[in-house]
Structure formats: structure tokens, C-alpha cells
Amino acid sequence: MTTAESASESSQAGEFDLGATLAERGAERYELHTRYLNHQLPRMLHTIGFDKVYERAEGAYFYDADGNDYLDMLAGFGVMGLGRHHPVVRKALHDVLDAQLADLTRFDCQPLPGLLAEKLLAHSPHLDRVFFGNSGTEAVEGALKFARYVTGRPRILYCAHAFHGLTTGSLSVNGESGFRDGFAPLLPDTAVPLGDLDALERELRKGDVAALIVEPIQGKGVLEAPPGYLLAAQELLHRHKALLIADEVQTGLGRTGDFYAYQHEEGVEPDLVCVAKALSGGYVPVGATLGKDWIFKKVYSSMDRVLVHSASFGSNAQAMAAGLAVLSVMENEQIVAGVRATGELFRSRLAALTDKYEMLADVRGRGLMIGIEFGRPKSLKLRSRWAMLQAARKGLFAQMVVVPLLQKHRILTQVSGDHMEVIKLIPPLIIGEREVDRFVDAFAAVMDDAHDGGLMWDFGKTLVKQAVANR
Ligand SMILES: Cc1ncc(COP(=O)(O)O)c(C=O)c1O
């Protein structure tokens with residue numbers, strides 16, 4: 001019997017059959033989304049021509065039905081740190097399923113969470129304990145709750161433009177009104193400009209601040225605080241008996257060329273660190289809140305409080321196995337060193353283009369978290385076109401670049417943050433020179449077109465019309 005026959009037989013018998021289901025219904029993907037899920041996603045994808053049908057993926061590439069390869073510079077918003085379907089992670093997941101462990105009994109202690117905590121903590125020796133949840137936002141929620149509980153203070157400070165997730169606690173420390181509007185009241189909070197120590201101290205003097213939460217490099221705009229900020233902020237916070245929370249959900253696990261991005265600056269020792277995304281191996285959602293011993297001891301201060309912060313799926317065997325496999329690959333394949341080398345090559349190749357293209361204003365970031373910022377052109381010919389886009393909405397030029405990168409060059413990127421002329425590159429950490437070359441060549445071709453006033457400006461006009469219609 002062929003695989004197709006057996007698939008169809010089990011399907012007829014009424015059992016769920018993944019292959020048969022996808023074969024029968026896969027073509028309805030966009031309609032199903034439109035009917036049952038967030039209908040704006042397919043609408044947006046159709047509008048910008050991103051409505052592709054990807055059939056499979058491996059490493060840093062997706063493939064469509066005709067076998068065309070698409071280079072991934074987005075890594076599923078950073079979860080695909082090791083690229084897609086890394087064989088070691090896949091094997092770990094097959095193994096954990098086959099082992100039929102007595103998982104999630106909730107009243108025993110399984111070995112895998114302890115082993116993963118031990119490995120994660122080995123990378124941050126000043127921290128002692130881990131809470132496992134199921135996502136980045138949950139890792140942040142844990143940190144916010146822990147900080148408020150152990151300090152007995154209500155208020156959390158965060159940085160302008162910050163992104164820490166979209167559940168209600170994390171939303172309270174979100175630096176963009178577009179995400180927050182309409183969801184008030186949120187937790188008591190205050191934004192301080194990233195890098196502004198005076199503003200931080202002014203708030204701390206009020207005596208009601210539990211913590212400052214900060215992304216060592218902000219995901220929105222790829223913005224980094226000035227050197228020395230984290231260390232000075234930490235000292236100020238501790239002097240005022242408040243905590244430093246480092247949100248490493250995106251920057252952690254090697255993304256910026258250090259295991260945790262805060263390690264770039266000597267002496268920075270956050271009280272709580274949030275990790276998620278890449279720890280999943282791209283397969284099993286996971287979040288981790290790492291913290292100092294005294295914080296955990298105070299939160300879980302008695303047996304009565306054993307479940308005071310917990311999650312039904314937290315520490316599940318699949319997530320733990322994926323995490324352990326990811327960390328072992330990171331060690332064995334020397335991922336962090338690779339990120340540093342490839343990141344340097346990538347940024348220097350891109351930075352070399354800033355002299356050539358007047359609208360290319362800045363290339364920044366660390367490791368494989370790279371921001372490309374566009375700016376107002378000097379030449380008259382381009383200035384009126386730029387002004388037309390800016391008048392409609394800031395960020396449209398960056399959108400105009402992202403579209404041909406996919407349409408013409410089969411490279412997936414994203415605009416970073418609303419109302420910013422920035423593209424963010426967060427490719428899988430396993431990319432090498434080949435991928436850097438492909439991106440830089442494609443990007444230069446798109447920039448040539450933009451500076452020659454080519455076809456992409458027609459698409460710009462469509463974007464302007466939409467932006468005006470959406471007001
Ligand atoms: C810095 C940071 N924190 C938290 C989150 C939220 O993570 P999740 O989407 O897994 O809830 C994100 C997601 O992009 C993030 O970039």
C-alpha cells in the first residue's frame with residue numbers, strides 16, 4: 001500500500017491524518033484565515049503581495065511548490081534562532097515523544113526542567129533560579145510580578161519605544177501608543193527615555209518604583225542605549241531599592257554576539273532576566289524568568305505559596321527537551337562566535353553602502369540584530385517623492401523596500417516598529433557569507449531602483465493611497 005493510500009484509508013476511518021488533511025484542505029489556507037482568524041492578516045498579505053504559499057522550510061530558507069527558495073531574514077520574529085528543523089532539535093523532540101514520559105503530573109519533579117535551568121543559569125552565573133512559562137510575554141509577566149512582590153512597590157518603569165509582549169502586564173510597559181490605546185487602565189507605570197539617567201533618577205526618588213524593565217537593544221528600531229547606561233541604571237536602581245529586569249526575549253541566546261546582550265557591558269547583573277523565542281528551537285513555545293535566589297525565596301516563601309506563580313504547561317517535557325537541544329547545539333556549533341563574525345561582516349558590507357545611497361542613513365545593531373535606517377534624501381529629484389510618503393505616513397519608504405526584497409529577490413524582512421523608516425534583520429543565527437552576499441546584492445539592487453526613481457515608487461503611490469484611506 002502506498003503512503004497516499006494508507007493516508008486516505010486512515011482518513012476514511014475517521015482518524016486525524018495530518019498529511020491527508022493538508023492535501024485536502026491546504027489550498028484553503030487564506031480563506032480559512034479570513035473566515036475564522038484575524039482577517040486583517042490575509043488582507044494585509046494580499047495587499048502587499050506577500051500572499052505566498054510556502055510548502056516547506058529548512059535552515060534559513062523556505063520553499064514554494066515550484067522549489068523556489070526564499071531567504072528568511074525574520075526567523076519567525078526571532079524564534080528560529082537555529083533556523084528551521086535543526087536535526088538535533090528534531091531528534092530531541094522525536095525522542096521525547098517516544099519516551100512517553102510521565103510528564104506534567106504536577107506532583108513530582110521531572111529531571112528535564114532542572115537540567116535546562118542548570119544550563120541556562122550556567123550562562124548567567126550571578127542568577128540562581130528559573131521559572132518556566134510558555135512565551136515571551138509570560139516570562140515578562142513573571143518578572144513584573146516578582147519585582148512588585150519582593151519590593152512591595154507598584155510601579156514599573158520602562159523605556160520609550162519598548163516592546164515586552166502584549167498581555168495586559170507586558171502591555172503596561174509597552175512604549176508605543178498604537179499597542180496601548182483603548183486598553184486602559186493598565187498597571188501603574190511610567191516611560192523614561194532610553195539612556196536618560198536623570199529621568200530614571202527623578203522617578204526613582206518618588207520611592208514607589210519596583211523595577212526598570214529594559215531591552216538591551218530595543219526590537220523596535222534596533223535602538224541601543226549609550227554605553228554605560230545599563231550599569232549606571234543598575235546602580236541607581238539598587239541605590240533606590242528597585243530592580244533591573246533585562247528583557248532578553250529577542251536579544252538572548254546569542255542573537256547580539258553575546259549569550260545575553262546585557263553581557264556586552266561588564267558588571268551588568270540584572271536581578272531578573274526574561275528569555276523565550278529561540279529557546280523553543282522554533283518548535284515548542286517556552287518562556288523563562290531567571291532571577292536571584294532571594295527573589296525566588298521571597299515569592300515562594302512558604303509551602304502555602306508553592307503555586308503562587310505557576311503555569312499548567314510550564315516545564316513540559318517537549319519544551320524542556322527542545323531547550324536542552326538548542327543549548328547543546330549552541331555550544332557544539334559555537335553559534336555565538338559565528339554570530340559575532342557573520343554579524344560584523346554583514347554590518348560592514350551594509351555600512352559600505354551608506355556612501356553610495358543618499359537615502360541610506362544608518363546601519364546599526366550588534367551580532368545578527370541589524371537595523372537599516374532610511375533618511376531624507378538631499379537631491380531635489382528624490383526629495384519630493386520622499387516628502388509625499390512622509391506626508392502620508394512615516395515608515396512607508398521602509399515598507400517600499402521590504403516589498404521588492406520579497407517580490408523580486410525572495411528575501412523576507414520586516415519593517416521595524418510603526419512610524420519608523422527602519423528595516424530590522426534578525427535572520428537565523430546559522431547564516432553565513434552566502435546569505436550575507438545574497439542579501440547585500442539584493443538590497444543594493446532595490447536601493448539602485450529607489451535612487452533611480454524606478455518602478456518601486458509606483459508601489460509607493462499605492463501605499464500612500466492606502467495610508468490616506470486608513471486615516
Ligand atoms: C523583547 C521582547 N519581549 C517580549 C516579547 C513577547 O514575546 P511573545 O511574543 O513570545 O509573547 C517579544 C516579542 O517579540 C519581544 O521582542
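Helix 6 and helix 14 run roughly antiparallel to each other, because their angle of about 150° is over the 145 degrees that sets this class. This is a predicted model. Helix 6 covers residues 87–98 and helix 14 covers residues 317–332. Their crossing is right-handed.

From helix 6, the contact takes Val88, Val89, Ala92, Leu93 and Val96. Helix 14 answers with Ala317, Gln318, Ala321, Ala322, Leu324, Ala325, Val326, Ser328 and Val329. By class, the residues of this contact are 12 nonpolar, two polar and no charged.

A second pair joins helix 17 (residues 396–407) and helix 18 (residues 433–451), packed at about 125°. That angle makes helix 17 oblique to helix 18. This crossing is right-handed. Val401, Pro404 and Leu405 of helix 17 meet Ala442, Val446 and Asp449 of helix 18. The contact of helix 17 with helix 18 has five nonpolar, no polar and one charged residues.

The packing values for each pair are as follows.

| Helix pair | Angle between axes | Distance between axes |
|---|---|---|
| Helix 6 and helix 14 | about 150° | 9 Å |
| Helix 17 and helix 18 | about 125° | 10 Å |

Terms used: Residues numbered from 1 in each chain as written. Predicted model: local features only at pLDDT ≥ 70, side-chain atom pairs only at ≥ 80, totals over all residues. Axes fitted to C-alpha atoms, helices over the stretch in contact; angles between N-to-C directions. Helix = DSSP H or I, 4+ residues; strand = E, 2+ residues; numbered from the N terminus. Parallel < 35°, antiparallel > 145°, perpendicular 65-115°, else oblique. Left-handed = near helix turned anticlockwise from the far one by under 90°. Contact = placed C-beta atoms within 7 Å. Nonpolar A, V, L, I, M, F, W, Y, C, P; charged D, E, K, R; others polar.
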